[in-house]
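Please find below a colleague's note on the structure shown here. Comments are set out as numbered points.

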Amino acid sequence: MATHNEWIAPIFTIIGVLVGALINPGVAWWLRKKRRLGHWRAIKAEVEHDRWQAQEYVDAGIQSPANRLITICYEKGFPPLLEDGVLSTEDTQAMLRFYDLVDQANRTLEEVNDEMRKGNVEQMTKDAKRVALKMKQVADRQEAYARAMTVIVKHLT
């Protein structure tokens, strides 16, 4: 006949396994949620910065600034959010629209700089007008920025 002491080790082993099985998914969920929030916070800061920087560009009227709108948080943080499946189609479209404008503005700024280096003032002036239009669209609080911020705030709350 087994004694009381012989049952203690197997019982505690089973309890440990059950507790571990219950805790492990909870810890994984918590870490994933923390990582998502980090991505969303970084993207929020970047979107706000890009909107501010675009407005500065529009207000200053500089044809060819040295800086570009930043996209590092989007490039590093958005793919994991897509992989986790936390974005609806509408959310994804809103974020893509904002960053598409940022990308267009940055590419057009490069074209302005290229034309400036070539001394092609006429083409540089045309490209600078396109940049100004794109920057106005990035800075516009009612359009792509507003939709992107709505998505971000939704996922931060």
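Predicted model: local features only at pLDDT ≥ 70, side-chain atom pairs only at ≥ 80, totals over all residues.

1. Nonpolar core. The largest nonpolar core contains 31 residues, and the members that touch the most others are I43, V47, M95, F98, Y99 and M135. Two or more residues come from each of the helices α1 (4-60), α2 (72-83), α3 (89-118), α4 and α5 (144-156). Helix α3 gives the most to this core, with nine residues.

2. Surroundings of F98. F98 is one of the core residues that touch the most other members. With neighbours within four places in sequence left aside, F98 is in contact with V47, D50, V138, A144, Y145 and A148. V47 is also among the core residues with the most such contacts.

3. Residue A139. Helix α4 spans residues 121-139 and includes A139. Is A139 buried or exposed? A139 counts as buried because its relative accessibility is 5%, which is under the 20% limit. Apart from neighbours within four places in sequence, A139 is in contact with R51, A54 and Q55. The C-alpha atoms of A139 and Q53 are separated by 8.0 Å, although the two residues are 86 residues apart along the chain.

4. Residue H155. H155 is placed in helix α5. Its relative accessibility is 18%, so H155 counts as buried. Leaving out residues up to four places away in sequence, H155 touches L37, W40, V86, L87 and D91.

5. Nonpolar surface patch. Which residues form a nonpolar patch on the surface? The patch is made of W7, I8, I11, F12, I15, V19, L22 and I23, and together these have about 820 Å² of accessible area. Of these, I15 is in helix α1. I15 counts as partly exposed because its relative accessibility is 41%, a value between the 20% and 50% limits.

6. Side chains of opposite charge can pair when their charged atoms come close. The count in this model comes to 11 salt bridges. One of them joins the side chains of R36 and D84, at 3.1 Å from N to O. This pair links distant parts of the chain, with R36 in helix α1 and D84 in the loop between α2 and α3, 48 residues apart. D84 has 31% relative accessibility and therefore counts as partly exposed. The side chains of E110 and R68 also meet in a salt bridge, at 2.9 Å from N to O. Here E110 lies in helix α3 and R68 in the loop between α1 and α2, 42 residues apart, so that this pair too links distant parts of the chain. As for accessibility, E110 is partly exposed because its relative accessible area is 36%, whereas R68, at 18%, counts as buried.

7. The side chains of E143 and R147 meet in a salt bridge with an N to O distance of 3.6 Å. E143 is partly exposed, with a relative accessible area of 39%, and R147 is partly exposed, with a relative accessible area of 39%.

Terms used: Residues numbered from 1 in each chain as written. Heavy atoms only, no water. Helix = DSSP H or I, 4+ residues; strand = E, 2+ residues; numbered from the N terminus. Buried < 20%, exposed > 50% of the residue type's maximum accessible area, 1.4 Å probe, protein only. Contact = heavy atoms within 4.5 Å. Core = buried A, V, L, I, M, F, W, Y, C linked by side-chain atoms within 4.5 Å. Patch = residues over 30% accessible without salt bridge, like charges linked within 9 Å, V, L, I, M, F, W, Y side chains within 5 Å. Areas by Shrake-Rupley, 256 points an atom, 1.4 Å probe, with all protein chains shown as cover. Salt bridge = Lys/Arg side-chain N within 4 Å of Asp/Glu carboxyl O.
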